[in-house]
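Please walk me through this model feature by feature. I would like the general idea each time, then the case at hand.

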Amino acid sequence: MPPFPSARNRDQFFVLHCIYRRLRWLPCVVLWVVTASRPALAQRPASASDPDAFLNQQRRIEERIDEESRAALPPSQRAAVDYGGWYSFNLFLFDDGIDSSRTYRRNDLRVWTRITLEQGAHDIFARARLSYLDFNTGDAYDGNDDDWEGPNLERGYYRFDLQRALAAYAGRRVPYNFQFKIGRDLTTFGTGYVLSTPLDQVLLTAEAANVRLTGLIGRTVGSAEDFDRTRYTTRTRRAFFGVEARYLGLERHEPFAYVLWQRDHNDDTFPHPLQEYDYDSFYVGLGSEGELIDNLRYSTEWTYESGRSWGDRRFLYRDVIDAWAFDAQLEYLFDAPTRPRASLEYMFASGDEDRLLSPTDTVGGNREDFKNTSFVGFGWRDTGLSFAPTLSNIHVWRGGASFFPLPGSRRFDRLELGSDSFLHWKHHRAAAVSDPTATVQSGYLGWEIDVFANWEITSDLFWTTRYGLFFPGQAFEDRTTRTFLLVGVTWSF
């Protein structure tokens with residue numbers, strides 16, 4: 001169980017009565033709160049100098065937070081107000097191939113509230129975060145060893161559910177449904193390989209005859225990091241439009257298909273007269289999730305990317321994007337008191353042999369021709385704790401296992417131990433990957449082993465430790481083993 005407080009639903013008739021009478025204004029209020037975020041709230045601009053591996057390591061923590069938030073109680077009661085929060089402290093000790101060691105402490109305070117009305121027909125959720133980032137002296141990438149972030153609106157939306165509304169207002173049970181959501185929330189298409197990121201969005205979902213259609217209109221959160229680290233901009237502005245279709249009529253399988261457009265609306269703070277940066281992409285994807293046999297789960301996703309981009313030192317003629325990516329995962333859950341599980345995964349993202357300095361940046365990117373075959377996505381996968389490469393110009397093989405060793409113990413029955421191993425290989429041996437220290441033209445990037453322990457000490461206290469060892473391969477001049485240690489604790493209230 002994640003470290004979330006239990007529901008504290010209270011009878012607050014007067015408050016709920018006032019909220020209910022003004023409910024028709026809530027979508028406008030939520031949209032105003034989301035879109036009114038000022039640049040001053042983003043303490044670290046999109047052009048910050050943090051390397052991709054460090055950002056991916058931070059995303060690993062954010063993914064755990066999102067998993068916990070999705071486990072919150074569903075809006076099932078007629079009228080309820082719930083609220084809470086949690087404080088988390090994470091200590092990072094790691095080598096990045098540039099300095100022998102860095103020490104970084106992150107303190108996060110999150111508070112949230114949820115209001116549900118009419119058996120969940122109306123759902124209002126908000127979550128704010130205040131963070132304090134503390135590096136040892138000289139360890140910060142941008143020279144700012146101590147920094148405050150926020151308070152920021154991390155999640156905030158209003159959602160309407162037609163099926164629940166008909167049941168609450170008219171007592172009708174219908175075999176179809178329509179949902180409308182407006183606000184800021186994590187947005188995922190497919191299995192999340194291409195798109196899994198927080199967006200300010202309007203999300204429409206219709207479900208009937210075993211088919212679920214999802215329509216998206218959204219934009220990136222301004223304070224989010226952009227994948228092109230060579231352009232100077234204070235706010236990230238990318239727009240997304242897409243449609244996803246899922247078939248729900250099969251017992252064990254859930255196939256899906258989607259199309260997704262991404263348009264670059266970034267404003268360059270210091271434009272270069274001889275260099276353009278806009279990256280406009282289009283994705284079409286196919287895949288499926290489900291169960292092959294009892295206890296054997298799977299997921300797979302294939303996507304093709306097209307569109308237009310700019311090459312290195314170009315401002316007249318744009319490149320044509322022609323890239324693709326693939327992911328497949330198996331996970332087996334054993335029937336045993338220790339709840340063991342084992343998983344295998346293969347990840348691929350195409351690269352471009354002309355990109356000698358970066359697989360995603362404009363400056364130092366494509367230069368020999370006008371065809372850009374390097375994949376750029378907005379999704380998420382675990383590619384290792386220490387190396388943590390971006391999914392571009394790379395093959396990644398992962399194998400993992402975990403279990404609860406002491407199921408009968410009163411104190412340690414919720415202690416989980418596990419390990420993951422990774423093998424990393426380039427798609428084009430001469431091309432760059434996201435780690436700038438991989439300067440040798442060799443396909444073998446190296447391998448990594450990670451171990452972890454998660455312990456839910458009480459319902460309000462959660463502890464985690466993760467340790468990673470990366471062994472660089474022939475693509476690195478410096479093959480010194482890189483270590484990564486994370487120790488974190490979360491207290492909910």
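Q: What is the mean pLDDT of the chain?
A: pLDDT is the predictor's confidence in each residue, from 0 to 100. The chain averages 87, and 87% of its residues reach 70 or more. Over residues 1–48 the value is below 50. Beyond near neighbours in sequence, that stretch still has 100 contacts in the model (contact means heavy atoms within 4.5 Å). Where pLDDT is low, the predicted coordinates should not be read in detail.

Q: Which residues touch the most other members of the largest nonpolar core?
A: A nonpolar core is a set of buried Ala, Val, Leu, Ile, Met, Phe, Trp, Tyr and Cys residues joined through side-chain atoms within 4.5 Å. Buried means under 20% relative accessible area, exposed over 50%, partly exposed in between (1.4 Å probe, protein chains only). The largest core has 33 residues, and Leu216, Leu260 and Leu445 touch the most other members. At least two core residues come from each of strand 6 (195–208), strand 9 (253–264), strand 12, strand 13 (341–349) and strand 15 (394–403). Strands here are DSSP runs (E, at least two residues), as are helices (H or I, at least four), numbered from the N terminus. A second, separate core holds twelve residues, including Ile61, Tyr104, Phe135 and Ala140.

Q: What is Leu260 in contact with, leaving aside neighbours within four places in sequence?
A: Its partners include Phe189, Val194, Leu195, Leu216, Phe240 and Phe241. Gly242, Ser281, Phe282 and Tyr283 are also among them.

Q: How many aromatic pairs are there?
A: Rings of Phe, Tyr and Trp (its six-membered ring) pair if their centres lie within 6.5 Å; planes under 30 degrees apart count as stacked, over 60 as edge-to-face and the rest as tilted. The count is 27. Phe256 and Tyr258 are stacked, at 6.4 Å centre to centre and 15° between the planes. Phe256 and Tyr258 are both buried. Phe326 and Tyr346 are tilted, at 6.4 Å and 45°. Phe326 lies in strand 12 and Tyr346 in strand 13, so this pair ties together parts 20 residues apart in sequence. Phe326 is partly exposed at 26% relative accessible area, and Tyr346 is partly exposed at 23%. Elsewhere, ring pairs link Phe92, Phe94, Tyr104, Phe135 and Phe484 into a cluster.

Q: Which rings have the charged end of Arg339 or Arg466 over them?
A: A charge sits over a ring if NZ of Lys or CZ of Arg is within 6 Å of the ring centre and within 35 degrees of the ring normal. Arg339 sits over Phe404, 3.7 Å from the ring centre. Arg466 sits over Phe452, at 5.2 Å.

Q: Which residues of helix 4 are buried?
A: An α-helix has 3.6 residues a turn, so residues three or four places apart point the same way. In helix 4 (residues 162–169), the buried residues are Ala165, Leu166, Ala167 and Ala168. They pack against strand 4 (146–161). Asp161 caps the N-terminal end: a side-chain oxygen lies 3.1 Å from the backbone nitrogen of Gln163. Just after the helix, Gly171 takes a positive phi of about 65°.

Q: Why does Asp327 count as buried?
A: Asp327 is buried because its relative accessible area is 0%. Asp327 is found in strand 12 (residues 319–333). Its side chain has a polar contact of 3.1 Å with that of Arg381. A polar contact is a pair of N or O atoms within 3.5 Å; within protein, one must be able to donate a hydrogen and the other to accept it, and residues adjacent in sequence count only if both atoms are side-chain atoms.

Q: Where is Asp123 found, and where is Asp435?
A: Asp123 is in strand 3 (residues 122–135). Asp123 is buried at 1% relative accessibility, and its side chain meets that of Arg114 in a polar contact of 3.0 Å. Asp435 is in the loop between strand 16 (415–426) and strand 17 (444–458). Asp435 is buried at 9%. Its side chain makes a polar contact with the side chain of Thr437 (2.5 Å).

Note on methods: Residues numbered from 1 in each chain as written. Predicted model: local features only at pLDDT ≥ 70, side-chain atom pairs only at ≥ 80, totals over all residues. Heavy atoms only, no water.
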